[in-house]
Amino acid sequence: MEQHVFHAMGTDVELLLDTPPSAESREAFATIESEFERLEAILSRFRPESELSALNREGTLDVSLELQHVLELALEARERTRGRFDPTVHDALVAAGYDRSFELVAPDADSNGSAALARCGGGVSLDAAIGRVALEPGFHLDFGGIGKGYAVDQAVQLLALAGPCLVSAGGDLAVRGNRTWPVGVEDGPTLGLDRGAIATSGRDRRRWRRGGEELHHLIDPSTGRPAASDLLRVTVVAGSAVEAEVLAKSLFIGGEREALEAGVPAVLLTADGRTLLTGGIA
Amino acid sequence: MTSPLARIYAIALASLVFFVSWALIAARPWAPTTNPQLLALAQQVQQQSAALQQQQLGKQGRAGGTTQLASGRARVVTLPPLTITKTS
(Lines give C-alpha, C1' and ligand atoms only; values in the text may rest on other atoms or scores of the structure.)
Protein backbone atom coordinates (compact mmCIF):
# COMPACT_ATOMS: atom_id res chain seq x y z
CA MET A 1 0.00 0.00 0.00
CA GLU A 2 1.44 3.34 -1.06
CA GLN A 3 0.58 6.52 0.85
CA HIS A 4 1.04 10.15 -0.12
CA VAL A 5 0.03 13.21 1.95
CA PHE A 6 0.01 16.85 0.91
CA HIS A 7 -1.71 20.08 1.93
CA ALA A 8 -4.44 21.64 -0.22
CA MET A 9 -7.78 23.41 0.24
CA GLY A 10 -6.94 24.22 3.86
CA THR A 11 -6.56 20.59 4.88
CA ASP A 12 -4.30 17.56 4.63
CA VAL A 13 -5.07 15.39 1.61
CA GLU A 14 -4.23 11.70 1.96
CA LEU A 15 -3.91 9.34 -1.00
CA LEU A 16 -3.73 5.55 -0.63
CA LEU A 17 -2.94 3.37 -3.62
CA ASP A 18 -3.14 -0.41 -3.29
CA THR A 19 -0.24 -1.19 -5.63
CA PRO A 20 3.47 -1.89 -5.17
CA PRO A 21 5.65 1.26 -5.19
CA SER A 22 6.53 2.34 -8.72
CA ALA A 23 7.36 5.35 -10.87
CA GLU A 24 3.78 5.26 -12.19
CA SER A 25 2.26 5.58 -8.71
CA ARG A 26 4.55 8.54 -7.95
CA GLU A 27 3.46 10.12 -11.21
CA ALA A 28 -0.19 9.48 -10.32
CA PHE A 29 0.28 11.17 -6.92
CA ALA A 30 1.82 14.20 -8.64
CA THR A 31 -1.17 14.34 -11.02
CA ILE A 32 -3.58 14.39 -8.08
CA GLU A 33 -1.66 17.21 -6.39
CA SER A 34 -1.91 19.21 -9.61
CA GLU A 35 -5.62 18.48 -9.86
CA PHE A 36 -6.27 19.78 -6.33
CA GLU A 37 -4.21 22.89 -7.07
CA ARG A 38 -6.11 23.47 -10.33
CA LEU A 39 -9.51 23.17 -8.65
CA GLU A 40 -8.49 25.31 -5.66
CA ALA A 41 -7.39 28.05 -8.07
CA ILE A 42 -10.93 28.04 -9.50
CA LEU A 43 -13.12 27.40 -6.45
CA SER A 44 -11.45 29.02 -3.43
CA ARG A 45 -13.13 32.04 -1.86
CA PHE A 46 -9.88 32.83 -0.03
CA ARG A 47 -7.77 33.38 -3.16
CA PRO A 48 -8.42 36.83 -4.61
CA GLU A 49 -7.32 35.66 -8.05
CA SER A 50 -9.65 32.64 -8.15
CA GLU A 51 -12.56 32.51 -10.58
CA LEU A 52 -15.01 32.28 -7.67
CA SER A 53 -13.54 35.43 -6.09
CA ALA A 54 -13.91 37.23 -9.43
CA LEU A 55 -17.56 36.18 -9.60
CA ASN A 56 -18.16 37.31 -6.01
CA ARG A 57 -16.54 40.69 -6.81
CA GLU A 58 -18.27 41.29 -10.14
CA GLY A 59 -21.67 39.77 -9.41
CA THR A 60 -21.96 38.65 -13.04
CA LEU A 61 -19.33 36.65 -14.89
CA ASP A 62 -18.89 34.27 -17.80
CA VAL A 63 -17.44 31.30 -15.96
CA SER A 64 -15.53 28.14 -16.88
CA LEU A 65 -17.35 24.84 -17.41
CA GLU A 66 -15.84 23.55 -14.18
CA LEU A 67 -17.21 26.37 -12.01
CA GLN A 68 -20.51 26.14 -13.85
CA HIS A 69 -20.68 22.43 -13.09
CA VAL A 70 -19.93 22.85 -9.36
CA LEU A 71 -22.54 25.61 -9.20
CA GLU A 72 -25.11 23.33 -10.84
CA LEU A 73 -24.33 20.62 -8.27
CA ALA A 74 -24.70 23.15 -5.44
CA LEU A 75 -27.99 24.54 -6.73
CA GLU A 76 -29.38 21.02 -7.23
CA ALA A 77 -28.34 20.22 -3.66
CA ARG A 78 -30.10 23.34 -2.39
CA GLU A 79 -33.27 22.27 -4.19
CA ARG A 80 -33.12 18.67 -2.92
CA THR A 81 -32.42 19.62 0.68
CA ARG A 82 -35.05 22.37 0.61
CA GLY A 83 -32.43 24.99 1.33
CA ARG A 84 -30.54 23.23 4.12
CA PHE A 85 -27.53 23.12 1.85
CA ASP A 86 -26.96 26.56 0.37
CA PRO A 87 -23.98 27.94 -1.59
CA THR A 88 -25.02 31.52 -0.70
CA VAL A 89 -23.98 31.22 2.98
CA HIS A 90 -20.80 33.18 2.18
CA ASP A 91 -21.84 36.39 3.93
CA ALA A 92 -23.17 34.52 6.96
CA LEU A 93 -19.78 32.80 7.33
CA VAL A 94 -17.98 36.13 7.03
CA ALA A 95 -20.38 37.75 9.52
CA ALA A 96 -19.68 34.93 11.99
CA GLY A 97 -15.94 35.56 11.68
CA TYR A 98 -14.88 32.93 9.12
CA ASP A 99 -13.60 35.57 6.71
CA ARG A 100 -10.21 34.09 5.84
CA SER A 101 -8.52 30.70 5.50
CA PHE A 102 -9.29 28.87 8.74
CA GLU A 103 -5.66 28.72 9.89
CA LEU A 104 -5.78 32.55 10.04
CA VAL A 105 -9.11 32.90 11.87
CA ALA A 106 -8.51 34.17 15.43
CA PRO A 107 -9.67 31.45 17.84
CA ASP A 108 -11.07 34.04 20.28
CA ALA A 109 -11.97 37.71 19.94
CA ASP A 110 -14.07 40.31 21.75
CA SER A 111 -16.17 41.30 18.73
CA ASN A 112 -19.65 39.80 18.74
CA GLY A 113 -19.87 37.60 15.64
CA SER A 114 -23.39 36.42 16.34
CA ALA A 115 -24.71 40.00 16.34
CA ALA A 116 -23.99 40.42 12.64
CA LEU A 117 -26.71 38.58 10.75
CA ALA A 118 -26.57 37.84 7.06
CA ARG A 119 -29.26 36.59 4.73
CA CYS A 120 -28.94 33.29 2.88
CA GLY A 121 -30.97 31.73 0.07
CA GLY A 122 -29.85 34.31 -2.45
CA GLY A 123 -30.82 34.22 -6.09
CA VAL A 124 -28.31 32.72 -8.52
CA SER A 125 -29.10 32.65 -12.22
CA LEU A 126 -27.11 30.54 -14.62
CA ASP A 127 -27.34 30.78 -18.39
CA ALA A 128 -25.79 27.41 -19.19
CA ALA A 129 -25.72 28.08 -22.94
CA ILE A 130 -23.13 30.83 -22.55
CA GLY A 131 -21.88 29.98 -19.05
CA ARG A 132 -22.97 33.29 -17.54
CA VAL A 133 -23.66 33.43 -13.80
CA ALA A 134 -25.43 36.35 -12.15
CA LEU A 135 -25.73 36.71 -8.38
CA GLU A 136 -28.54 38.57 -6.67
CA PRO A 137 -27.08 41.84 -5.35
CA GLY A 138 -25.86 41.43 -1.77
CA PHE A 139 -25.15 37.69 -2.07
CA HIS A 140 -21.89 35.84 -2.61
CA LEU A 141 -20.98 32.17 -3.08
CA ASP A 142 -19.02 29.77 -0.89
CA PHE A 143 -18.01 26.38 -2.32
CA GLY A 144 -16.01 25.33 0.75
CA GLY A 145 -17.55 21.92 1.43
CA ILE A 146 -18.90 20.98 -1.98
CA GLY A 147 -15.70 22.16 -3.70
CA LYS A 148 -13.64 19.80 -1.59
CA GLY A 149 -16.09 16.96 -2.24
CA TYR A 150 -15.93 17.67 -5.95
CA ALA A 151 -12.12 17.65 -5.87
CA VAL A 152 -12.13 14.29 -4.05
CA ASP A 153 -14.51 12.80 -6.63
CA GLN A 154 -12.35 14.03 -9.50
CA ALA A 155 -9.14 12.88 -7.81
CA VAL A 156 -10.37 9.37 -7.06
CA GLN A 157 -11.44 8.92 -10.70
CA LEU A 158 -7.96 9.90 -11.87
CA LEU A 159 -6.07 7.90 -9.24
CA ALA A 160 -8.16 4.81 -10.01
CA LEU A 161 -6.37 4.63 -13.37
CA ALA A 162 -3.30 3.55 -11.38
CA GLY A 163 -5.10 0.99 -9.18
CA PRO A 164 -7.49 0.52 -6.25
CA CYS A 165 -7.34 3.76 -4.26
CA LEU A 166 -8.65 6.02 -1.53
CA VAL A 167 -8.63 9.82 -1.51
CA SER A 168 -9.31 11.70 1.71
CA ALA A 169 -9.39 15.47 2.14
CA GLY A 170 -10.48 16.68 5.53
CA GLY A 171 -13.92 15.21 6.07
CA ASP A 172 -14.45 14.05 2.48
CA LEU A 173 -13.29 10.63 1.35
CA ALA A 174 -13.92 8.39 -1.67
CA VAL A 175 -12.69 4.96 -2.75
CA ARG A 176 -12.37 2.97 -5.97
CA GLY A 177 -11.37 -0.62 -6.61
CA ASN A 178 -12.55 -4.09 -5.80
CA ARG A 179 -11.70 -4.29 -2.09
CA THR A 180 -12.94 -3.15 1.33
CA TRP A 181 -11.41 0.00 2.80
CA PRO A 182 -11.55 0.15 6.62
CA VAL A 183 -12.23 3.78 7.53
CA GLY A 184 -12.30 4.79 11.18
CA VAL A 185 -14.95 7.27 12.34
CA GLU A 186 -13.32 9.48 14.99
CA ASP A 187 -14.35 8.21 18.47
CA GLY A 188 -16.69 5.74 16.73
CA PRO A 189 -16.80 2.48 14.79
CA THR A 190 -14.66 1.47 11.82
CA LEU A 191 -16.64 1.30 8.58
CA GLY A 192 -15.66 -1.13 5.83
CA LEU A 193 -16.31 0.93 2.70
CA ASP A 194 -16.76 -1.29 -0.37
CA ARG A 195 -17.66 1.52 -2.74
CA GLY A 196 -18.67 5.16 -2.80
CA ALA A 197 -17.73 7.88 -0.37
CA ILE A 198 -17.89 9.14 3.19
CA ALA A 199 -18.22 12.71 4.44
CA THR A 200 -18.12 14.01 8.00
CA SER A 201 -19.59 17.34 9.07
CA GLY A 202 -19.70 18.67 12.60
CA ARG A 203 -19.03 21.45 15.03
CA ASP A 204 -16.17 19.72 16.85
CA ARG A 205 -13.61 21.40 14.55
CA ARG A 206 -13.45 24.69 12.64
CA ARG A 207 -14.93 26.55 15.59
CA TRP A 208 -13.97 29.79 17.25
CA ARG A 209 -15.26 32.25 19.87
CA ARG A 210 -16.57 35.76 19.41
CA GLY A 211 -17.68 37.83 22.39
CA GLY A 212 -17.64 34.73 24.58
CA GLU A 213 -19.96 32.77 22.26
CA GLU A 214 -18.79 29.60 20.54
CA LEU A 215 -19.35 29.67 16.77
CA HIS A 216 -18.69 27.16 13.99
CA HIS A 217 -18.68 26.89 10.21
CA LEU A 218 -21.96 25.02 9.60
CA ILE A 219 -24.43 27.78 8.84
CA ASP A 220 -28.17 27.15 9.06
CA PRO A 221 -29.45 29.08 6.02
CA SER A 222 -32.85 29.58 7.68
CA THR A 223 -31.26 31.73 10.41
CA GLY A 224 -28.00 32.87 8.79
CA ARG A 225 -26.15 31.76 11.93
CA PRO A 226 -24.09 28.69 12.94
CA ALA A 227 -26.59 25.83 13.28
CA ALA A 228 -27.85 25.10 16.79
CA SER A 229 -27.96 21.33 16.26
CA ASP A 230 -28.35 18.64 18.90
CA LEU A 231 -25.73 16.70 16.95
CA LEU A 232 -22.01 17.15 17.36
CA ARG A 233 -20.97 15.33 14.21
CA VAL A 234 -22.52 13.41 11.30
CA THR A 235 -20.72 10.89 9.07
CA VAL A 236 -22.61 9.87 5.92
CA VAL A 237 -21.98 7.10 3.37
CA ALA A 238 -23.10 7.93 -0.19
CA GLY A 239 -22.30 7.30 -3.82
CA SER A 240 -19.97 10.27 -4.20
CA ALA A 241 -18.14 12.69 -1.93
CA VAL A 242 -20.32 15.55 -3.18
CA GLU A 243 -23.49 13.67 -2.23
CA ALA A 244 -22.07 12.59 1.13
CA GLU A 245 -20.99 16.17 1.88
CA VAL A 246 -24.42 17.59 1.05
CA LEU A 247 -26.24 14.93 3.08
CA ALA A 248 -23.91 15.24 6.09
CA LYS A 249 -24.40 19.00 6.29
CA SER A 250 -28.15 18.71 5.77
CA LEU A 251 -28.57 15.98 8.42
CA PHE A 252 -26.41 17.93 10.89
CA ILE A 253 -28.61 21.02 10.55
CA GLY A 254 -31.80 18.93 10.74
CA GLY A 255 -30.77 17.33 14.04
CA GLU A 256 -30.96 13.86 15.57
CA ARG A 257 -34.62 13.02 15.01
CA GLU A 258 -34.64 13.95 11.35
CA ALA A 259 -31.31 12.22 10.77
CA LEU A 260 -32.67 8.97 12.23
CA GLU A 261 -35.80 9.16 10.07
CA ALA A 262 -34.03 10.06 6.81
CA GLY A 263 -32.88 6.49 6.08
CA VAL A 264 -29.46 7.70 4.97
CA PRO A 265 -26.53 5.44 6.02
CA ALA A 266 -24.86 7.50 8.72
CA VAL A 267 -23.02 7.51 12.03
CA LEU A 268 -24.32 10.24 14.36
CA LEU A 269 -22.50 11.60 17.39
CA THR A 270 -24.97 13.48 19.56
CA ALA A 271 -24.15 16.53 21.64
CA ASP A 272 -24.62 14.43 24.80
CA GLY A 273 -22.04 11.89 23.61
CA ARG A 274 -24.12 9.03 22.15
CA THR A 275 -23.01 7.29 18.95
CA LEU A 276 -25.94 6.17 16.77
CA LEU A 277 -25.86 4.05 13.61
CA THR A 278 -28.67 4.60 11.12
CA GLY A 279 -29.77 3.95 7.52
CA GLY A 280 -28.80 0.27 7.46
CA ILE A 281 -25.26 0.52 8.81
CA ALA A 282 -24.67 -2.40 11.17
CA MET B 1 19.36 -16.56 -67.31
CA THR B 2 17.52 -13.50 -66.02
CA SER B 3 18.09 -10.25 -67.80
CA PRO B 4 20.04 -7.51 -65.98
CA LEU B 5 16.97 -5.25 -66.11
CA ALA B 6 14.77 -7.82 -64.37
CA ARG B 7 17.50 -8.33 -61.76
CA ILE B 8 17.61 -4.57 -61.04
CA TYR B 9 13.81 -4.47 -60.71
CA ALA B 10 13.90 -7.44 -58.32
CA ILE B 11 16.60 -5.83 -56.15
CA ALA B 12 14.70 -2.49 -56.09
CA LEU B 13 11.45 -4.22 -55.11
CA ALA B 14 13.18 -6.26 -52.38
CA SER B 15 14.80 -3.06 -51.01
CA LEU B 16 11.44 -1.28 -51.00
CA VAL B 17 9.74 -4.14 -49.13
CA PHE B 18 12.62 -4.25 -46.64
CA PHE B 19 12.51 -0.50 -45.85
CA VAL B 20 8.70 -0.37 -45.61
CA SER B 21 8.74 -3.33 -43.17
CA TRP B 22 11.55 -1.72 -41.18
CA ALA B 23 9.61 1.58 -40.93
CA LEU B 24 6.45 -0.23 -39.82
CA ILE B 25 8.28 -2.15 -37.08
CA ALA B 26 10.22 0.95 -35.94
CA ALA B 27 6.93 2.86 -35.51
CA ARG B 28 5.87 0.33 -32.79
CA PRO B 29 2.14 0.76 -33.41
CA TRP B 30 1.38 -1.80 -30.66
CA ALA B 31 3.10 0.30 -27.93
CA PRO B 32 0.99 2.66 -25.72
CA THR B 33 1.05 6.24 -26.96
CA THR B 34 3.27 8.76 -25.21
CA ASN B 35 2.09 11.72 -27.27
CA PRO B 36 1.38 14.37 -24.60
CA GLN B 37 -1.46 15.85 -26.66
CA LEU B 38 -3.19 12.47 -26.90
CA LEU B 39 -2.64 11.84 -23.19
CA ALA B 40 -4.12 15.26 -22.36
CA LEU B 41 -7.07 14.50 -24.64
CA ALA B 42 -7.63 11.15 -22.92
CA GLN B 43 -7.56 12.88 -19.54
CA GLN B 44 -10.04 15.50 -20.76
CA VAL B 45 -12.41 12.80 -22.00
CA GLN B 46 -12.09 11.02 -18.67
CA GLN B 47 -12.88 14.24 -16.77
CA GLN B 48 -15.90 14.97 -18.95
CA SER B 49 -17.19 11.48 -18.33
CA ALA B 50 -16.76 12.05 -14.57
CA ALA B 51 -18.66 15.31 -14.90
CA LEU B 52 -21.46 13.55 -16.75
CA GLN B 53 -21.59 10.90 -14.04
CA GLN B 54 -21.93 13.64 -11.41
CA GLN B 55 -24.74 15.22 -13.41
CA GLN B 56 -26.51 11.86 -13.60
CA LEU B 57 -26.15 11.46 -9.83
CA GLY B 58 -27.67 14.89 -9.38
CA LYS B 59 -30.61 14.05 -11.64
CA GLN B 60 -31.20 10.72 -9.89
CA GLY B 61 -31.16 12.48 -6.55
CA ARG B 62 -33.62 15.14 -7.66
CA ALA B 63 -35.96 12.47 -8.99
CA GLY B 64 -35.63 10.06 -6.12
CA GLY B 65 -35.36 12.21 -3.01
CA THR B 66 -32.73 12.32 -0.34
CA THR B 67 -32.72 8.72 0.84
CA GLN B 68 -32.10 7.23 -2.63
CA LEU B 69 -28.95 9.27 -3.10
CA ALA B 70 -26.99 7.10 -0.73
CA SER B 71 -25.53 4.49 -3.06
CA GLY B 72 -22.25 3.92 -1.23
CA ARG B 73 -21.86 0.64 0.62
CA ALA B 74 -20.38 0.29 4.11
CA ARG B 75 -20.72 -1.85 7.21
CA VAL B 76 -19.11 -1.92 10.63
CA VAL B 77 -15.92 -3.99 10.60
CA THR B 78 -13.31 -5.00 13.15
CA LEU B 79 -10.35 -4.41 10.82
CA PRO B 80 -7.72 -1.85 11.82
CA PRO B 81 -8.57 1.41 10.04
CA LEU B 82 -6.38 2.53 7.15
CA THR B 83 -7.45 6.12 7.74
CA ILE B 84 -9.71 8.14 10.05
CA THR B 85 -12.52 10.41 8.87
CA LYS B 86 -12.83 13.62 10.88
CA THR B 87 -14.92 16.75 10.62
CA SER B 88 -13.83 18.79 7.62
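Modeller: A:Gly280 is found in the segment after E17 of chain A; helices (H or I, at least four residues) and strands (E, at least two) are DSSP runs, numbered from the N terminus. A:Gly280 counts as exposed because its relative accessibility is 70% (buried means under 20% relative accessible area, exposed over 50%, partly exposed in between, with a 1.4 Å probe and protein chains only). Its C-alpha atom is separated by 41 Å from that of A:Ser50, 230 residues apart along the chain.

This is a predicted model, in which local features need pLDDT of at least 70, side-chain atom pairs count only at pLDDT 80 or more, and totals for chains, interfaces and linings use all residues, while side-chain values use heavy atoms, with hydrogens and water left out. Residues are numbered from 1 along each chain as its sequence is written, and chains are lettered from A and ligands numbered from 1 in the order in which they are written.

Strand E16 (residues 266-270) is mostly covered, with five of its five residues buried. In a regular strand, side chains alternate between the two faces of the sheet. In E16(A), A:Ala266, A:Leu268 and A:Thr270 point one way, A:Val267 and A:Leu269 point the other way, and all are buried.

Elsewhere in chain A, three strands form an open antiparallel sheet in the order E3-E6-E5. Strand E3 (60-62) and strand E5 (124-127) stand at its edges with a single partner strand each, so one side of each is left without a neighbour in the sheet. Neighbouring strands of this sheet are turned by 15° against each other on average, direction ignored (axes are lines fitted to C-alpha atoms, for helices over the stretch in contact, and angles run from 0 to 180 degrees between N-to-C directions). Helix H2 (residues 51-58) of chain A packs on the sheet and touches E3 and E6, its direction making about 140° with that of E3(A) (contact means heavy atoms within 4.5 Å). Strand E6 (residues 132-135) pairs with E5(A) over four bridges in the antiparallel sense, and A:Val124 stands opposite A:Leu135. Helix H3 (residues 65-80) of chain A lies across E5 and E6, at about 130° to E5(A).

The loop between H3 and helix H4 (90-96) of chain A holds A:Arg82. Phi of A:Arg82 is near 50°, a positive value in a residue other than glycine. A:Arg82 is exposed because its relative accessible area is 76%. A:Met9, in the loop between strand E1 (2-8) and strand E2 (11-17) of chain A, also has a phi near 50°. With a relative accessible area of 15%, however, A:Met9 is buried.

Key: Two strands pair if DSSP finds at least two bridges between them.
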